[in-house]
Amino acid sequence: KNLKAVFYIIFVSFFIILMFDEYRFSYNYPPVSPAKKWTDKPEIIKSLTPEYTKISSTTAVYSWNQVFLKSGWQNINPYIFFRNSLYPNYNVQFGIFSPDINTGGLIPRRISLFASLAKNLDIDESNKEATMSATAINSLSLAGVTHLISPFRINNKSMVFKSEYSADDPINKDPFYIYRNNTKLPRSYLIFRSEKLDTLEDFYNKLADDNFLNEQKVMVEDDDLKINIPGKSVKNVA
């Protein structure tokens with residue numbers, strides 16, 4: 001009888017502790033806050049106006065997790081600052097175009113493939129630096145991305161440092177850096193030559209070529225889409 005009593009006491013105690021911990025966690029998940037804090041334009045947009053037409057956000061999740069995994073939702077001020085990463089789909093509220101999408105995992109296969117290529121970079125977390133591969137640069141340029149936002153310093157010649165934005169907050173000491181993409185293609189343009197690619201491997205190899213953008217070709221996967229008009233060069237579309 002004594003052993004049964006001890007067993008029940010341990011079981012009930014464990015259940016009470018579990019419920020208490022669940023309540024403690026969920027009480028602030030997510031916290032209630034004024035809508036205005038989230039619907040007002042992030043300050044970083046002022047640093048971009050009027051140059052940008054399409055923005056990409058990279059490595060922002062690292063800054064988010066530095067707070068979220070350690071402190072949860074106990075203090076929402078860091079998350080208010082993280083709005084300045086213009087992470088998708090938050091950027092949609094302000095009419096800012098992005099090549100990426102955040103659908104909680106339900107992402108169309110081709111969009112998911114492109115998003116993974118655009119984030120092909122080497123990250124040095126200790127020094128807060130990132131080096132983008134030719135694949136990432138070509139993907140972003142192909143998508144017409146004019147500016148890149150990151151909490152990491154980007155070490156690439158085609159990504160030129162423009163400015164930075166930091167918060168007057170002891171928790172968020174790291175700024176967001178804004179880079180201008182000097183190799184971006186226009187949002188709309190005409191191409192008069194194509195190249196047929198048969199496999200995904202061919203596609204990867206093409207995007208990994210530093211001279212890919214200079215070829216001024218569109219990649220196709222169907223013979224019916226092949227074009228070749230000599231003497232014509234890329235033309236912008238108004």
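This is a predicted model: local features need pLDDT of at least 70, side-chain atom pairs count only at pLDDT 80 or more; totals for chains, interfaces and linings use all residues.
User: Okay, sheets. How do strands of a sheet pair?

Analyst: Through backbone hydrogen bonds, either parallel or antiparallel. Strands here are DSSP runs of E, at least two residues, and helices are runs of H or I, at least four, numbered from the N terminus. Two strands pair if DSSP finds at least two bridges between them. Take the open sheet of three strands: the order is β2-β3-β5, with mixed pairing. Its edge strands are β2 and β5, each pairing on one side only.

User: Which way do β2 and β3 run?

Analyst: Antiparallel: strand β2 (residues 121–124) is joined to β3 by four bridges. Leu121 has Met132 as its bridge partner in β3, and Ile123 stands opposite Ala130. The two strands form a hairpin with four residues between them, and Lys128 in the turn has a positive phi of about 55°.

User: And what about β3 with β5?

Analyst: That pairing is in the parallel sense, over two bridges, with strand β5 covering residues 153–154. Glu129 stands opposite Arg153 there.

User: How do the side chains of a regular strand sit relative to the sheet?

Analyst: They alternate between the two faces of the sheet. In strand β3 (residues 129–132), the covered face has Ala130 and Met132, and the uncovered one has Glu129 and Thr131.

User: What is the strand order in the sheet of four?

Analyst: β1-β4-β7-β6, again open and with mixed pairing. At the edges stand β1 (55–57) and β6 (159–165), each with a single partner strand, so one side of each is left without a neighbour in the sheet. From one strand to the next, the twist averages 25°. Inside the sheet, strand β4 (residues 147–150) and strand β7 (residues 176–181) run antiparallel over four bridges; Ile149 has Ile178 as its bridge partner in β7.

User: His147 is in strand β4. Is His147 buried or exposed?

Analyst: Buried, at 2% relative accessibility. Buried means under 20% relative accessible area, exposed over 50%, and partly exposed in between, using a 1.4 Å probe and protein chains only. Leaving out residues up to four places away in sequence, His147 touches several residues, including Glu51, Tyr52, Lys162, Ile178 and Arg180. Contact means heavy atoms within 4.5 Å.

User: Now helices. At what angle do α6 and α7 pack?

Analyst: Helix α6 (residues 109–118) meets helix α7 (residues 134–142) at about 125°, with their axes 7 Å apart. That makes α6 oblique to α7. For reference, angles under 35 degrees count as roughly parallel, over 145 as roughly antiparallel, 65 to 115 as roughly perpendicular and the rest as oblique. Phe114, Leu117 and Ala118 of α6 make the contact with Thr135, Ala136, Ser139 and Leu140 of α7.

User: Which residues of α6 are buried?

Analyst: Ala115, Leu117 and Ala118. They cover an arc of only 160° around the axis, which puts them on the same side of α6. That arc is taken over the directions from the helix axis to the C-beta atoms. What covers these buried residues includes β3, α7 and α8 (200–207).

Notes:
Residues are numbered from 1 along each chain as its sequence is written. Side-chain values use heavy atoms; hydrogens and water are left out. Axes are lines fitted to C-alpha atoms, for helices over the stretch in contact, and angles run from 0 to 180 degrees between N-to-C directions.
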